[in-house]
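Let's take a walk through this fold, one piece at a time. Keep the structure open beside you as you read.

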Amino acid sequence: MDIAKDPAAAGSITDFVPFFKAIGNPTRAQIVEFLLRGERCVCEMTGPLDLSQPLVSHHLALLRDAGLVRMRSEGARTYYSLEWEKFDGDLKAFLSHAERLHSAPPIPSNADKVCAAAGAAKPERRNAS
């Protein structure tokens, strides 16, 4: 399912886990922040991230696998940029889903019933003596 193209297709907030998992790592979040400012080569990110080229490339591969980053080769260098349609689409779809849930009629709470049943099932506490 591509929630970026069809936000209404998101049946649960868990549909957004792959997006947030991809950008939820601190290193990948920093890489996304670099790419928000434009196309970058790995060599431009290793210094500020204080990480090796292979490790930065690994994180970029995970972002690529999630469909959030594209790459292009130019000579010996590879440049990376955000896949804006997917990135922006997933973000907007999440916000739309959250707004739908927020504006939906509230579901009546059954806390009294559930908590009473849970309390009744608890074994009696013994005093330490």
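Before we start on the sheet, one term: two strands count as paired if DSSP finds at least two bridges between them. Bear in mind too that this is a predicted model.

With that in hand, look at the strands. There is an open sheet of 3 strands, in the order 1-3-2, with antiparallel pairing. Strand 1 (40-41) and strand 2 (69-74) sit at the edges with a single partner strand each, so one side of each has no neighbour in the sheet. As a reminder, strands of a sheet pair through backbone hydrogen bonds, either parallel or antiparallel.

Now go through the two pairings. Strand 1 and strand 3 are antiparallel and share 2 bridges, and here you'll find Cys 41 opposite Tyr 79 of strand 3. Strand 2 and strand 3, also antiparallel, are joined by 6 bridges. Glu 74 has Arg 77 in strand 3 as its bridge partner. These two strands form a hairpin with 2 residues between them, and Gly 75 in the turn has a positive phi of about 65°.

Stay in strand 3 for a moment and find Ser 81. Is Ser 81 buried or exposed? Its relative accessible area is 13%, and the cut-off for buried is under 20%, so Ser 81 is buried. Leaving aside neighbours within four places in sequence, Ser 81 is in contact with Leu 35, Glu 39, Leu 68, Val 69 and Arg 70.

Next comes helix 5. Which residues of helix 5 are buried? They are Phe 87, Gly 89, Asp 90, Ala 93 and His 97. What do they pack against? The buried residues of helix 5 pack against helix 1 (17-24), helix 2 (26-36) and strand 3 (77-82).

Trp 84 is also part of helix 5. With 42% relative accessibility, Trp 84 counts as partly exposed. Beyond its neighbours within four places in sequence, Trp 84 is in contact with Leu 36, Arg 70 and Gly 89. Gly 67 lies 17 residues from Trp 84 in sequence, with 9.8 Å between their C-alpha atoms.

Trp 84 also brings us to the aromatics. One aromatic cluster is made up of Phe 16, Phe 19, Phe 20, Trp 84, Phe 87 and Phe 94. A pair of aromatic rings is described by the distance of the centres and the angle of the planes. The structure holds 5 aromatic pairs. One of them is Phe 16 with Phe 94, an edge-to-face pair at 5.4 Å centre to centre with 80° between the planes. This pair links distant parts of the chain, since Phe 16 is in the segment before helix 1 and Phe 94 is in helix 5, 78 residues apart. Phe 16 has 1% relative accessibility, so Phe 16 counts as buried. The rings of Phe 19 and Phe 87 have centres 5.8 Å apart and planes at 55°, so this pair is tilted. Here too distant parts of the chain are linked: Phe 19 belongs to helix 1 and Phe 87 to helix 5, 68 residues apart. Both Phe 19 and Phe 87 are buried.

Let's turn to charge. The structure holds 6 salt bridges. In helix 5, Lys 92 and Asp 88 lie 4 residues apart, about one turn of the helix, and their side chains meet in a salt bridge at 3.2 Å, N to O. Lys 92 counts as exposed at 53% relative accessibility, while Asp 88 counts as partly exposed at 29%. Salt bridges that share partners also join Glu 39, Arg 72 and Glu 74 into one network. Within it, the closest N and O atoms of Arg 72 and Glu 74 are 2.8 Å apart. Arg 72 is partly exposed at 34% relative accessible area, and Glu 74 is partly exposed at 46%.

One last stop is the loop between helix 3 (42-49) and helix 4 (53-65), where you'll find Asp 50. Phi of Asp 50 is near 55°, a positive value in a residue other than glycine. Asp 50 is exposed, with a relative accessible area of 67%.

Key
Residues are numbered from 1 along each chain as its sequence is written. This is a predicted model: local features need pLDDT of at least 70, side-chain atom pairs count only at pLDDT 80 or more; totals for chains, interfaces and linings use all residues. Side-chain values use heavy atoms; hydrogens and water are left out. Buried means under 20% relative accessible area, exposed over 50%, partly exposed in between (1.4 Å probe, protein chains only). Contact means heavy atoms within 4.5 Å. Rings of Phe, Tyr and Trp (its six-membered ring) pair if their centres lie within 6.5 Å; planes under 30 degrees apart count as stacked, over 60 as edge-to-face and the rest as tilted. A salt bridge is a side-chain nitrogen of Lys or Arg within 4 Å of a carboxyl oxygen of Asp or Glu.
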